[in-house]
There are 2 protein chains.
Amino acid sequence: MEPLCLAESVSRQYNFAAGPGVMPAEVLAQAQQEFLDWDGNGFSMLEIPFTGDAFKNTLCQAREELRGLLNIPDDYRILFMHGGASAQFSLVPLNLLGNSRLADYVETGYWSSKNMREARRYCEVNIAASSAHGGYDHMPDHWRLGRESAYCHITSNETANGVQFHPLPDITDIPLIVDMTSDFLSRPLDVSRYGLIYAGAQKNIGPAGLTIVIVRDDLLGRAHPATPSVFNYQVQAEANSMLNTPATFAVYLAGLVFRWIAAQGGVMAMEYNSIRRSSRVYRAVDESGDFYRCPVLPEYRSRMNVCFTLADDALTPRFLSDAAAQGLLHLKGHPMTGGIRASLYNAMPDAGVATLVDFMQHFAKAHRRHV
Amino acid sequence: MEPLCLAESVSRQYNFAAGPGVMPAEVLAQAQQEFLDWDGNGFSMLEIPFTGDAFKNTLCQAREELRGLLNIPDDYRILFMHGGASAQFSLVPLNLLGNSRLADYVETGYWSSKNMREARRYCEVNIAASSAHGGYDHMPDHWRLGRESAYCHITSNETANGVQFHPLPDITDIPLIVDMTSDFLSRPLDVSRYGLIYAGAQKNIGPAGLTIVIVRDDLLGRAHPATPSVFNYQVQAEANSMLNTPATFAVYLAGLVFRWIAAQGGVMAMEYNSIRRSSRVYRAVDESGDFYRCPVLPEYRSRMNVCFTLADDALTPRFLSDAAAQGLLHLKGHPMTGGIRASLYNAMPDAGVATLVDFMQHFAKAHRRHV
């Protein structure tokens, strides 16, 4: 059987990878255009010394652009850190436990579980809530916070399981810490409700290796003595994220992406886009007559990572190869969960979603009789 | 007085920054050319998922290219890590102290001193040797290693002070750990003489944020329990540097630079170039009739960072501004030492050095009467 062909030829490729994922075409075009001579400096941004005004201004502008996008209050510091979000799995307890030996974690899928395993190396973990019993098909409502916990940690969106908090939860007793790696900048946010937010850049910002940390002033100064200085929030806050050489090119690209988001209408526009795009894919799943199945309860479905399975899992490899032949790439689900995952980050074009939905409908029609 | 003009007009600019510094023009041109569509994948290297074969092959090729460049023995692991060399100031003691509470450090300038301050947070530091009494004008010969030390740490080249080990020292009692950030890949190296070598990438490799760690197998498995997993050498060695998302674009660029070095003739050619280029600048200093002065004893002068002062320090700002007008940029010395610093990393073109020497001679001639 030949690979399925759509009526209209598709020449463009779309990147549904969970991360590093799609970046805004306009940002990439600008970065390419000024790759050899940035801002008339005569050198590539890769070659600009970080101690000079040119880079310092770049970092400062990126930070203030981000502050504007999310209305980040003045008593929060914005840090550009090395190491990816997984480094924060250790750095959050190292920096925030203080004298406490207990922290609350909400278990909602693959990434929060991994996070908890790392945290147990530093403290006792109280599972404040868990959706493990439902196979991570929802976000848990009823939390039991520890009385002595230094903080409560949640993962706002689980990329492997396709579940997301809508809206983000609210607690007042202890600082709420959020791993927002995979839905950062995809919706408005009342930053003042959180103690600390962190996000690896390789989803909605772009360059892997950079991590954004937004931390409330009063949580600084609690770091364990074994915390490496470059990963100490207070030390980096005092050094304006330049205690050591930052990932300069990544900071520059992040600034371009922040400006692109602002030009698109800001995080309100990103939220509108993500609802519209993800709804189209979920509808294609729900209206497939059980050809496709989404295990996640509707009110908890992720707008960033649409995860679904084929009723006949034997067709999954064929789905993936036919999709790739149509320019729909990196749709394979996370190894832990299998199936299909369509990551719809901010930079995903509407046309990518339209092509995917079209393909899903044609594929189901062509293969339904084989189920 | 008008800025000094050379007889021949200089249109090209040269980047003498200590880091991030100059990168090979051919590498930048290739990266720009394939910036939007890497290797026919249809996406930028920035967008390639790190779990797919495309990136895994990129990382593997970069690692093997580096292994070839330095003839790295099979019992050494090559890690691509996050965080810059300053992170290693903490990660070396966290990973290597084991049950020991003592480590030897050789104090040779600004960076080794900074390194020792960080190490003191993890263990007792035995200063095995120091050149502080000579104002860091040489590398110390006579070392007194601690009997119980877990390792001895040196900084092979001090960027702020312009001193460098020629050749690298040899010890056999305990593992020798080398911060080789600023002269990595600038000369051949017998890796088997060292326990661990690390280098932040933003000097002779390029992209800031990436750090190369070369570690002997028998030193793995000693990490302190508080070491974050993503910064645990053994864990990253077992995960092929992909426990979490690596700095993918930086790894790709590093691979391009490694291939560029090989194409230039390898590290032997880099050493030849660095001797030739640095000798020209030092000669211009020594033959200036004391207009320029290099405080470093000749046999310890750095081939990477040529540091000198003007006898009349009041002329330094004028030197810097006139040099910049000639396209000779980022020549300002480290804030701790002042004066002038010309960083001559592998990618510095000979023409940059020729233009600098020409400028130095003209500047001295024009201003000698004012001294």
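Me: How exposed is Asp350(B), and how do I read its relative accessibility?

Reply: This is a predicted model, so every value here is computed from its atoms. Asp350(B) has 35%, so it counts as partly exposed.

Me: Which residue does Asp350(B) pair with in a salt bridge?

Reply: The partner is Arg276(B), and the closest N and O atoms are 2.5 Å apart. Arg276(B) is partly exposed too, with a relative accessible area of 28%. Now place the two in the fold. Asp350(B) belongs to helix α9 (residues 350–367) of chain B, and Arg276(B) to helix α7 (residues 266–286). They are 74 residues apart, so the pair links distant parts of the chain.

Me: What does Arg77(B) form with Asp217(B)?

Reply: A salt bridge, with 2.8 Å between the closest N and O atoms. Here 140 residues separate the partners. Arg77(B) sits in strand β2 (residues 76–82) of chain B. Asp217(B) sits in the loop between β10 (210–216) and α5 (233–238). Arg77(B) is partly exposed at 32%, and Asp217(B) is partly exposed at 29%.

Me: Which residue forms a salt bridge with Asp218(B)?

Reply: Arg216(B), with the closest N and O atoms 2.6 Å apart. Asp218(B) is partly exposed, with a relative accessible area of 44%.

Me: How many salt bridges are there over all chains?

Reply: The structure holds 28. Some share partners: Arg63(A), Glu64(A) and Arg67(A) are joined into one network this way.

Me: How many salt bridges cross the interface of chain B and chain A?

Reply: The rule finds 0. Turn to polar contacts instead. There are 21 residue pairs in polar contact across the interface, both residues at pLDDT 80 or more.

Me: How many residues does each chain give to the contact, and what area is buried?

Reply: Chain B gives 59 residues and chain A gives 59 residues. The buried area is about 4,200 Å², with 62% from carbon and sulfur atoms. In chain B, Gln32(B), Phe43(B) and Glu47(B) lose the most area to chain A, together 15% of what that side buries.

Me: Which element gives the largest share of the side of chain B that touches chain A?

Reply: That is α3(B), with 6 residues. By class, this side has 32 nonpolar, 23 polar and 4 charged residues.

Me: How are two copies of a chain related?

Reply: By a rotation about an axis and a shift along it. Here a rotation of 180° with 0.0 Å of shift superposes chain B on chain A, with an RMSD of 0.0 Å. That is the relation of a two-fold axis. The same surface serves both copies: 100% of the contact residues of chain B recur in chain A.

Me: Which residues of helix α8 of chain B are buried?

Reply: First the general idea. An α-helix has 3.6 residues a turn, so residues three or four places apart point the same way. In α8 (residues 316–325), the buried residues are Thr316(B), Phe319(B), Leu320(B), Asp322(B) and Ala323(B). The buried residues of α8(B) pack against β11 (292–293), β12 (305–310), β13 (328–329), β14 (340–343) and α9 of chain B. Gly327(B) follows α8(B) and has a positive phi, near 85°.

Me: Where are Gly19(A) to Pro20(A) and His166(B) to Pro167(B), and is each peptide bond cis or trans?

Reply: The bond from Gly19(A) to Pro20(A) is cis, with omega near -15°. Pro20(A) is in the loop between β1 (14–15) and α1 (25–33) of chain A. The bond from His166(B) to Pro167(B) is cis, with omega near -15°. Pro167(B) is in the loop between β7 (163–164) and β8 (176–179) of chain B.

Me: Is Asn161(A) buried or exposed?

Reply: Buried, with a relative accessible area of 11%. Asn161(A) is in the loop between β6 (157–158) and β7 (163–164) of chain A. A polar atom of its side chain lies 2.9 Å from the backbone nitrogen of Tyr110(A). Beyond four places away in sequence, Asn161(A) touches residues including Gly109(A), Tyr136(A) and Cys307(A).

Note on methods: Residues numbered from 1 in each chain as written. Chains lettered and ligands numbered in written order. Predicted model: local features only at pLDDT ≥ 70, side-chain atom pairs only at ≥ 80, totals over all residues. Heavy atoms only, no water. Contact = heavy atoms within 4.5 Å. Buried area = accessible area lost by both parts, 1.4 Å probe. Salt bridge = Lys/Arg side-chain N within 4 Å of Asp/Glu carboxyl O. Polar contact = N/O pair within 3.5 Å; in protein donor to acceptor, adjacent residues only side chain to side chain. Helix = DSSP H or I, 4+ residues; strand = E, 2+ residues; numbered from the N terminus. Nonpolar A, V, L, I, M, F, W, Y, C, P; charged D, E, K, R; others polar. Least-squares fit on C-alpha atoms with pLDDT ≥ 70 in both. Buried < 20%, exposed > 50% of the residue type's maximum accessible area, 1.4 Å probe, protein only.
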